[in-house]
Amino acid sequence: MRNPLSETIVNIKPSGIRKYFDLVAQMNDPEVISLGVGEPDFETPWHIREEGIYSLEKGRTFYTSNSGLQALRDEISLQQHKLNNVIYNPYKEIMITVGGSEAIDIALRAMLDPGDEVIIPQPSYVSYEPCTVLAGGVPVIVEMKEKDQFKLTLEELEAAYTPKTKILILPFPNNPTGSVMTREDLEPIAKFCVDHDLYVLSDEIYSALTYETKHFSIVSLPGMRDRTVLINGFSKAYAMTGWRLGYACAPLLKIHQFAIMCAPTTSQYAAVEALRNGDKDIEVMRESYNERRRYLMHEFRKMQLDCFEPYGAFYVFPSIKSLQMTSDEFAMELLREEKVAVVPGTAFGACGEGYLRISYAYSLEELKTALRRVERFVQNRRARLKGEEIV
């Protein structure tokens, strides 16, 4: 019997994040602390949940238009004007999706012809490369380096560009490194895109979670509004992961129309409330994440483990190169010996070797317990390397 799966699907590697998520689930051990999944530990704020409940009580269980509730698209348009000083037509240029992940998939499928190249800076979110392949595109990986604060540089972009390049993915604030790009960082990138007729897929799902400076979007720069697909959503900023709601600012309706029809109606009503009255909720959560971020940086310095300081999202990306282990070895042994789950950096690209992604979207108490175990594991590893007795 022939393999029912296409060769393309067979050759795509499964998510490295979900590998460890599934391992934890299979262990079914209450002592395991998982710092692997990027999901806020906050409940969706009550006034947002209440609006979803109210929509059900009122019987608003119908399909929305393919593009989404008009009220929600209006609010997104207003928000983008306020935050990025750009105006999107809410009737034609905003589409509500089933999470930001659907928006990434649709954008790539809508824009790519077979053989078109997509520049993907890594380490970065696990979906960009496989979604490019599924759309018939060719991923061109650019390795972002810690010495450059894990930012994309103009020199790297120039080296990766060919006449076949059509799309540049900008994954900032970055998952897994927490790196951000400022206006000054983005200006030469934008000029290069305009000069070489490149389109940008700007994934800004963590834009509300920055800690030292406000997020700056490339759509705000001259010439970039009409060559950028801006992707965002509600999962991270409003702790609405299970509501599965995102959006794309670009005219990308056809695939969504035939594949999905529309995003969940209840979630859309809740999102209207989030945009209208959720700013204070974001501020409370951001302050808590920032406290946890500072705690983790302090702990890694105390352990004498190098760790790039993140200024966005809710992840740290410590280096474990000094411990003479691969990222996967560290993650597996840490889970087995100390019952703490983290994600190896290689889940986000080969250049993530030697690093770990640790999410701080967990309570401070959980983080403190987990970091004590990590410290003990690191001390024991150093003792083994020296031939000393372990703790």
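## An open pocket

The second largest pocket has 26 residues in its lining, and those nearest its centre are Gln79, Leu83, Ser207, Ala208 and Arg286. Bear in mind as you look around that this is a predicted model. The volume of this second largest pocket is about 750 Å³.

Which elements give two or more residues to the lining of the second largest pocket? They are helix H4 (70-84), strand S7 (228-233) and helix H11. H4 provides the largest share, with seven residues. Sorted by class, the lining of this pocket has ten nonpolar, eight polar and eight charged residues.

Rolling a probe the size of a water molecule over the atoms shows where empty space is left. In this structure there are two cavities of 30 Å³ or more.

The largest cavity holds about 130 Å³ of space. It is lined by 16 residues, with Phe172, Met181, Leu186, His215 and Phe216 the closest to its centre. Its lining divides into eight nonpolar, six polar and two charged residues.

The second largest cavity has a volume of about 40 Å³. Its lining is made of Phe300, Leu305, Pro318, Ile320, Phe330, Leu334, Val342, Leu356, Ile358 and Val374. Helix H12 and strand S13 (356-359) are the elements that give two or more residues to this lining. By class, the lining of the second largest cavity has ten nonpolar residues, with no polar and no charged ones.

## H13 and its partner H11

Now for the helices. Two packed helices are described by the angle between their axes and the distance between the axes. Helix H11 (residues 279-303) packs with helix H13 (residues 364-386) at an angle of about 15°, and their axes are 11 Å apart. Angles under 35 degrees count as roughly parallel, so H11 is roughly parallel to H13. The two helices cross in a right-handed way.

To find this contact in the model, look on the H11 side for Glu291, Arg292, Tyr295, Leu296, Glu299, Phe300, Lys302 and Met303. On the H13 side, the contact is made by Leu364, Leu367, Lys368, Leu371, Val374, Glu375, Val378 and Arg382. By class, this contact of H11 with H13 has nine nonpolar and seven charged residues, and no polar ones.

## H13 and its partner H12

H13 also packs with helix H12 (residues 327-338), at an angle of about 110° and with the axes 10 Å apart. How are H12 and H13 placed, roughly parallel or roughly perpendicular to each other? An angle of 65 to 115 degrees counts as roughly perpendicular, and H12 and H13 therefore belong in that group. Here, too, the crossing is right-handed.

In H12, the residues that meet H13 are Phe330, Glu333, Leu334, Glu337 and Glu338. Their counterparts in H13 are Arg373, Val374, Arg376, Phe377, Val378 and Arg384. By class, the contact of H12 with H13 has five nonpolar, no polar and six charged residues.

## H3 and H10

Another pair to look at is helix H3 (residues 46-57) with helix H10 (residues 265-277), which pack at an angle of about 145° with their axes 8 Å apart. H3 passes H10 in a right-handed crossing. The residues of H3 in this contact are His47, Ile48, Glu51, Gly52, Ser55 and Leu56, while H10 brings Thr266, Tyr269, Ala270, Glu273, Ala274 and Asn277. By class, the contact of H3 with H10 has five nonpolar, five polar and two charged residues.

## Details in the loops

Which residues are joined by cis peptide bonds? Pro123 sits in the loop between strand S3 (117-122) and helix H6 (128-134). Phe172 and Pro173 are also joined by a cis peptide bond, with omega about -10°. The loop that holds Pro173 runs between strand S5 (165-170) and helix H8 (183-195). You have met Phe172 already, among the residues closest to the centre of the largest cavity.

Finally, take a look at Phe150, which has a positive phi of about 55° although it is not a glycine. Phe150 belongs to the loop between strand S4 (138-143) and helix H7 (154-160).

Terms used. Residues are numbered from 1 along each chain as its sequence is written. This is a predicted model: local features need pLDDT of at least 70, side-chain atom pairs count only at pLDDT 80 or more; totals for chains, interfaces and linings use all residues. Side-chain values use heavy atoms; hydrogens and water are left out. Axes are lines fitted to C-alpha atoms, for helices over the stretch in contact, and angles run from 0 to 180 degrees between N-to-C directions. Helices (H or I, at least four residues) and strands (E, at least two) are DSSP runs, numbered from the N terminus. Angles under 35 degrees count as roughly parallel, over 145 as roughly antiparallel, 65 to 115 as roughly perpendicular and the rest as oblique. A crossing is left-handed if the near helix is turned anticlockwise from the far one by less than a right angle, and right-handed if clockwise. Contact means heavy atoms within 4.5 Å. Ala, Val, Leu, Ile, Met, Phe, Trp, Tyr, Cys and Pro count as nonpolar, Asp, Glu, Lys and Arg as charged, and the others, Gly among them, as polar. On a 1 Å grid over the protein atoms alone, a cavity is a set of points where a 1.4 Å probe fits but cannot get out, and a pocket is an open set with protein on both sides within 12 Å along at least five of seven lines; lining residues have an atom within 4 Å of a point. Grid points are joined across faces, edges and corners, and a volume is the space filled by probe spheres set on the points.
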